[in-house]
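Here are my notes on the model you sent over, as numbered points. Have the structure open beside you while you read.

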Amino acid sequence: MFASRTALRPSDVALRALIVGLALATGYIHSTLGGLLFTLNAIGYAVAAVAIAVPLMLAVRFRWVVRLGLIGYAATTIIGWAIQGPYFTTAYVAKAIEVALIVAIAIDFARHDGSPVDVIRRELATFGSFVARVRGTAAAGA
């Protein structure tokens, strides 16, 4: 159930802690604003922070999805704010945290997964071999 320990460098741990801290910070800011949209945004950031840090096998295997999802979540929050507002000081602080979060996740992604194109190619190849295996098993059973 829990992933086997991988050798994380101290800089990896610090970067992961920074990502979790930034996600929780912007989630906290959104939780204090009230309203359903801000509350759901805060919950989303809290769930993403847990997904970045939890050592479960599934989360470790697909951490690249979590990273890309959190980048997309933060970018969507910034775009939504730019379209809708409100434009007050706390909002600018939250957006600065979200930009820093995107940068930190991009660094973490590059260090652990490499190019997003390479990751997608690798996953498609894994899926292709899985499909071939299933087809081979189905053909042998028929």
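1. A term to start with: a nonpolar core is a set of buried Ala, Val, Leu, Ile, Met, Phe, Trp, Tyr and Cys residues joined through side-chain atoms within 4.5 Å. Buried means under 20% relative accessible area, exposed means over 50%, and partly exposed lies in between, using a 1.4 Å probe and protein chains only. The largest such core here has 17 residues, and Ile19, Tyr45, Leu70 and Leu101 have the most contacts inside it. At least two core residues come from each of H1, H2, H4 and H5, with H1 giving the largest share, six residues. In soluble globular proteins, nonpolar side chains tend to be buried together.

2. Before going further, a word on what you are looking at. This is a predicted model, in which local features need pLDDT of at least 70 and side-chain atom pairs count only at pLDDT 80 or more, while totals for chains, interfaces and linings use all residues. Residues are numbered from 1 along each chain as its sequence is written, and side-chain values use heavy atoms, with hydrogens and water left out. The pLDDT is the predictor's confidence in each residue, from 0 to 100. Its mean over the chain is 87, and 92% of the residues reach 70 or more. Among the elements, H1 has the highest mean pLDDT (95), and helix H3 (residues 57-61) the lowest (76). Helices (H or I, at least four residues) and strands (E, at least two) are DSSP runs, numbered from the N terminus.

3. Which residues does Leu101 touch, leaving aside its neighbours within four places in sequence? They are Ile19, Leu22, Ala23, Tyr45, Leu70 and Ala74, where contact means heavy atoms within 4.5 Å.

4. The expected span of a helix is 1.5 Å times one less than its number of residues; for the 18 residues of H2 that gives 26 Å, in agreement with the 26 Å between its end C-alpha atoms. Its buried residues are Asn41, Ala42, Tyr45, Ala48, Ala49 and Ile52. Viewed down the H2 axis, these fall within an arc of 125 degrees, so they line one face of the helix; the arc is that of the directions from the helix axis to the C-beta atoms. The cover over them includes helix H1 (10-31), helix H4 (63-84) and helix H5 (89-112). On the face of H2 turned away from the buried side you will find the exposed residues Leu36, Val47 and Val50.

5. H5 has 24 residues and reaches 35 Å from its first C-alpha to its last, close to the 34 Å expected. After H5 comes Gly114, whose phi is positive, near 80 degrees.

6. Now the salt bridges, each a side-chain nitrogen of Lys or Arg within 4 Å of a carboxyl oxygen of Asp or Glu. A search of the whole structure finds five. In one of them, Asp108 pairs with Arg67, with the closest N and O atoms 2.8 Å apart. Asp108 lies in helix H5 and Arg67 in helix H4, so the pair ties together parts that are 41 residues apart in sequence. Asp108 is buried at 0% relative accessible area, and Arg67 is buried at 3%.

7. Is Lys95 buried or exposed? It counts as buried, because its relative accessibility is 9%. Its side chain meets that of Glu98 in a salt bridge (2.9 Å, N to O). Both lie in helix H5, three residues apart, about one turn of the helix. Glu98 is buried too, at 0% relative accessibility. Beyond its neighbours within four places in sequence, Lys95 is in contact with His30, Thr77, Ile78 and Trp81.

8. Finally, look at Arg9 and Asp12, whose side chains meet in a salt bridge (3.3 Å, N to O). Arg9 is partly exposed at 45% relative accessibility, whereas Asp12 is buried at 2%. Together with Arg111, they are linked in a network of salt bridges.
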